[in-house]
Amino acid sequence: MGNINWYPGHMKKTREMIQSNLKLVDIIIEILDARIPNSSKNPIINEITANKKRIILLNKADLADKRETYEWIRLFEKEGYKAIEIDALTGRGIDKLYKILNEFQAERDEKKRNSRPLRIMILGVPNVGKSSLINRLSGRKSTKTGNKPGITKGKQWITLENGMQLLDTPGILWPKFEEPEVGLNLAFAGSIKDEILEIQDIGLELIGFLADNYPEEFMNRYKLSGLSDDKLANMEALALKRGFILPGKRIDYERTARTVIDEFRAGKIGKITLEKA
Ligand SMILES: Nc1nc2c(ncn2[C@@H]2O[C@H](COP(=O)(O)OP(=O)(O)OP(=O)(O)O)[C@@H](O)[C@H]2O)c(=O)[nH]1
Ligand SMILES: [Mg+2]
């Protein structure tokens, strides 16, 4: 889970590695977290992948707000991309992905004589579901094919059921760092190591967001009959409901925060999107 410490040298190396891999592929699959499509986007992906065809996947759509996911897809489509929602874990949406890939293949076959099967690479920031997607796509029917003649040496490729070639290691890109809001969103979604965060602060901010944006889901989950404008008051009400009380009748803020964060990540509070398109 997002435990890479990105530093400028590492970012430069990653970029160079991805750019050299880019030369080997025809199409990029960019995975975003449907709950945080903006915060889970690498800041320079447009620059890195310029002139490559790109499909945008909103993964973990099972955890996100359907309406918001729809708006994000419309936005990306307006920007000229193919965009779909998927759940890499269950495979929902993978059929649509194959349909798009097949369309790109047909387009290529029309343009080029002796066209070959598409070569694909997956890109995304840590924890968005790259490995899950690769596992899902590779399934049982596919075979790993290293150093296949005609395909660049030294690279491991997975042959998909439709014959296309998928690079077996995804490109892991760095997330945005500058905006504090992005950091919070990545923390809420579980893309930043919890140890480096003040869990009580993260929990408090998440409670604030939920009370403002998903009040019904939040009240239902924690059996609250009303909400305060003050996030700390809401946190305390929740703690009392759940009995998160320490000796001396002190509120266990740590446990309260941990609980809300865990339940949010597990989708127990509801289908929630943290960023609007
Ligand atoms: N609910 C849900 N969880 C998912 C989905 N896809 C992946 N996950 C979970 O998200 C976490 C990260 O998934 P990975 O596939 O390991 O993500 P990754 O992008 O390969 O992560 P790194 O290798 O760390 O960069 C795992 O706990 C997965 O089980 C999905 O569609 N829905
Ligand atoms: Mg992985």
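This is a predicted model: local features need pLDDT of at least 70, side-chain atom pairs count only at pLDDT 80 or more; totals for chains, interfaces and linings use all residues.

Modeller: Residues are numbered from 1 along each chain as its sequence is written, chains are lettered from A and ligands numbered from 1 in the order in which they are written, and side-chain values use heavy atoms, without hydrogens and water.

Biologist: Why is the aromatic pair of F209 and Y214 called tilted?

Modeller: Rings of Phe, Tyr and Trp (its six-membered ring) pair if their centres lie within 6.5 Å, and planes under 30 degrees apart are stacked, over 60 edge-to-face, the rest tilted. F209 and Y214 are 6.2 Å apart centre to centre with 40° between the planes, so the pair is tilted.

Biologist: What makes F209 count as buried?

Modeller: Buried means under 20% relative accessible area, exposed over 50%, partly exposed in between (1.4 Å probe, protein chains only). F209 has 17% relative accessibility, so F209 is buried.

Biologist: Why is the contact of E85 with R92 called a salt bridge?

Modeller: The term requires a side-chain nitrogen of Lys or Arg within 4 Å of a carboxyl oxygen of Asp or Glu. The closest N and O atoms of E85 and R92 are 3.1 Å apart, so the pair qualifies. Salt bridges that share partners join K66, E85, D87 and R92 into one network.
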